[in-house]
Amino acid sequence: MGLSYRRYLHGERVYGCAKCKTHLATIHSMISRAFNGQHGRAYLFEVVVNIVEGEPCDRPMTTGNHTVRDIYCIKCGATLGWKYDKAYETSQKYKEGKFILERNLLVEVQ
């Protein structure tokens, strides 16, 4: 096991972990704000950095069954949301490989 390096993001709006402010995503990789997580509002992102992915598990959600992985901050280990591995409904396939970050677990950083 080697050292883990954190990526620093640049742009007009950078989202970070609410606990340690580690950079996670930019406004430019946000796909949608119309999602809900376990702690309220959530955002769908194309790309998220500085995370660790958990084991895949099947989870029933309001839009059907999905195989997801919880995602955690690489620095402090805080839970941030999840990654969609597989969507079983045809209309939900666009989520595969995308990330949900919960708004209450994020801060804007620069």
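Contact here means that heavy atoms lie within 4.5 Å of one another. With that meaning, Leu105 in this predicted model is in contact with Gly16, Cys17, Ala18, His39, Thr79 and Leu80, once neighbours within four places in sequence are left aside.

**Annotated span**

- According to the UniProt record, an unreviewed entry, the annotation "domain: Yippee" covers residues 13-110.
- The C-alpha atoms at the ends of residues 13-110 lie 8 Å apart, and the span is 58% strand and 0% helix.

**Leu105 and its partners**

- Leu105 belongs to the loop between β9 (99-102) and β10 (106-109).
- Although Leu105 and Cys17 are 88 residues apart along the chain, their C-alpha atoms are separated by 6.4 Å, and Cys17 is one of the residues that Leu105 contacts.

**Strands β6 and β7**

- Cys57 lies in strand β6, and Thr67 has its place in strand β7, which runs over residues 64-73.
- Cys57 touches His66, Thr67 and Val68 when residues up to four places away in sequence are not counted; the C-alpha atoms of Cys57 and Val68, eleven residues apart along the chain, are separated by 5.6 Å.
- Cys57 counts as partly exposed because its relative accessibility is 31%, whereas Thr67 counts as buried because its relative accessible area is 11%, under the 20% limit.
- The side chain of Thr67 is joined to that of Asp58 by a polar contact of 2.6 Å.
- Beyond its neighbours within four places in sequence, Thr67 is in contact with Pro56, Cys57 and Asp58, and also with Lys83, Tyr84, Asp85, Lys86 and Tyr88.
- Arg59 is found in strand β6, and with a relative accessible area of 18% this residue is buried.

**Largest pocket**

- The largest pocket holds about 260 Å³ of space, and its lining is made up of 14 residues, of which Phe35, Asn36, Thr62, Thr63 and Tyr84 lie nearest the centre.
- The elements that give two or more residues to this lining are β3 (30-37), β6 (57-61) and β8 (79-87), and β3 gives the most, with four residues.
- Sorted by class, the lining of the largest pocket has six nonpolar residues, six polar residues and two charged residues.
- Tyr84, one of the residues nearest the centre of the largest pocket, is also among the residues in contact with Thr67.

**Loop residues with positive phi**

- Most residues other than glycine have a negative phi.
- Lys21, found in the loop between β1 (14-17) and β2 (23-26), has a positive phi near 65°, and with 49% relative accessibility Lys21 counts as partly exposed.
- Asn50, placed in the loop between β4 (40-45) and β5 (51-53), has a positive phi of about 60° although it is not a glycine.
- Asn50 counts as buried because its relative accessibility is 7%, under the 20% limit.

Note on methods
Residues are numbered from 1 along each chain as its sequence is written. This is a predicted model: local features need pLDDT of at least 70, side-chain atom pairs count only at pLDDT 80 or more; totals for chains, interfaces and linings use all residues. Side-chain values use heavy atoms; hydrogens and water are left out. On a 1 Å grid over the protein atoms alone, a cavity is a set of points where a 1.4 Å probe fits but cannot get out, and a pocket is an open set with protein on both sides within 12 Å along at least five of seven lines; lining residues have an atom within 4 Å of a point. Grid points are joined across faces, edges and corners, and a volume is the space filled by probe spheres set on the points. Ala, Val, Leu, Ile, Met, Phe, Trp, Tyr, Cys and Pro count as nonpolar, Asp, Glu, Lys and Arg as charged, and the others, Gly among them, as polar. Buried means under 20% relative accessible area, exposed over 50%, partly exposed in between (1.4 Å probe, protein chains only). A polar contact is a pair of N or O atoms within 3.5 Å; within protein, one must be able to donate a hydrogen and the other to accept it, and residues adjacent in sequence count only if both atoms are side-chain atoms. UniProt positions are given in the numbering used here, feature names are shortened, and annotations may be inferred rather than shown by experiment.
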